[in-house]
Amino acid sequence: GGAHLVLGIDVDDTHIDSEVFETPNVEVFIRPSTHEDVANRIRALREEYPGPLFMILDGDHKKDNVMMELQIFTRLLAFGDYLIVEDSNVNGHPVNPEWGPGPWEAVTEFLAANRDAYDRDLQRELRFGFTQAPIGFLVRTESDDPVRDPLHLAGPTLSNDTYASCEEGRCVL
């Protein structure tokens, strides 16, 4: 294929093998995923590397954070781009019932408010009979509808913990 780049985003580089930083076509960005610098870098990379984008959300699995990621990254994804939301099986879907609201709840609420944003890829989701990402295999549609925030539609706002995780409060919404 054509030119490609892997962009890794993490809040902490202490668990990343040092060889990763020397690997061609791999860039590591040490920031919270919801930081405005991340969105700006993805926008720049979209211009530098035109073509399909494959994104995996596998960081902070609290519902508020995943909801923010969905709102931010949906605006950056184009028709046909692929998004996987990992670990939506926690909070009793079917594992770790004590987890609390997480990716499953974020995805279902986001998709309820943004019905035309994604198509679920059930063929890939069900391919091996079990996945860590139920309801999390998503393909961006051609929808031009604005991304709606289900948290604001329902009344509550994002928690202070979510905003505290953003460096200097500079989160993109």
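A cavity is a set of grid points where a 1.4 Å probe fits but cannot get out. In this predicted model, a search of the whole structure finds one cavity of 30 Å³ or more.

The volume of the largest cavity is about 50 Å³. Its lining is formed by Thr 74, Phe 110, Asn 114, Ala 117, Arg 140, Ser 143, Asp 145, Pro 146, Val 147 and Arg 148. By class, four of the lining residues of the largest cavity are nonpolar, three are polar and three are charged.

The chain contains six helices and six strands, which follow the pattern β-β-α-β-α-β-α-β-α-β-α-α along the sequence. Of the 173 residues in the chain, 42% are buried. Among contacts in the chain with a separation of 6 or more, 63% are between residues 24 or more positions apart.

The largest pocket has a volume of about 1,000 Å³. A total of 34 residues line the largest pocket, and Leu 7, Gly 8, Ile 9, Phe 54 and Met 55 lie nearest its centre. At least two lining residues come from each of strand 1 (6-10), helix 1 (36-48), strand 3 (54-57) and helix 2 (63-76). Strand 1 contributes the most to the lining of the largest pocket, with five residues. The lining of the largest pocket comprises 20 nonpolar, eight polar and six charged residues.

In soluble globular proteins, nonpolar side chains tend to be buried together. The largest nonpolar core in the model has 25 residues, of which Met 55, Leu 70, Phe 73, Leu 83, Val 85, Phe 110 and Tyr 118 touch the most other members. At least two residues of this core are supplied by each of helix 1, strand 3, helix 2, strand 4 (82-85) and helix 3 (103-113). Helix 2 provides the largest share of this core, six residues.

Of its 14 residues, 13 are buried, so helix 2 is largely enclosed by the rest of the structure. At 1.5 Å a residue, helix 2 should span 20 Å, and this agrees with its end C-alpha atoms, which are 20 Å apart.

Backbone features were also examined in the loops. His 93 and Pro 94 are joined by a cis peptide bond, with omega of about 10°. Pro 94 lies in the loop between strand 4 and helix 3, where Asp 87 is also found. Asp 87 is not a glycine, yet has a positive phi of about 60°. Its relative accessibility is 17%, and because buried means under 20%, Asp 87 counts as buried. Ile 135 likewise has a positive phi of about 60° although it is not a glycine. This residue is found in the loop between helix 4 (122-125) and strand 6 (137-140). With 8% relative accessibility, Ile 135 also counts as buried.

Technical notes:
Residues are numbered from 1 along each chain as its sequence is written. This is a predicted model: local features need pLDDT of at least 70, side-chain atom pairs count only at pLDDT 80 or more; totals for chains, interfaces and linings use all residues. Side-chain values use heavy atoms; hydrogens and water are left out. On a 1 Å grid over the protein atoms alone, a cavity is a set of points where a 1.4 Å probe fits but cannot get out, and a pocket is an open set with protein on both sides within 12 Å along at least five of seven lines; lining residues have an atom within 4 Å of a point. Grid points are joined across faces, edges and corners, and a volume is the space filled by probe spheres set on the points. Helices (H or I, at least four residues) and strands (E, at least two) are DSSP runs, numbered from the N terminus. Ala, Val, Leu, Ile, Met, Phe, Trp, Tyr, Cys and Pro count as nonpolar, Asp, Glu, Lys and Arg as charged, and the others, Gly among them, as polar. A nonpolar core is a set of buried Ala, Val, Leu, Ile, Met, Phe, Trp, Tyr and Cys residues joined through side-chain atoms within 4.5 Å. Buried means under 20% relative accessible area, exposed over 50%, partly exposed in between (1.4 Å probe, protein chains only). The expected span of a helix is 1.5 Å times one less than its number of residues. Contact means heavy atoms within 4.5 Å.
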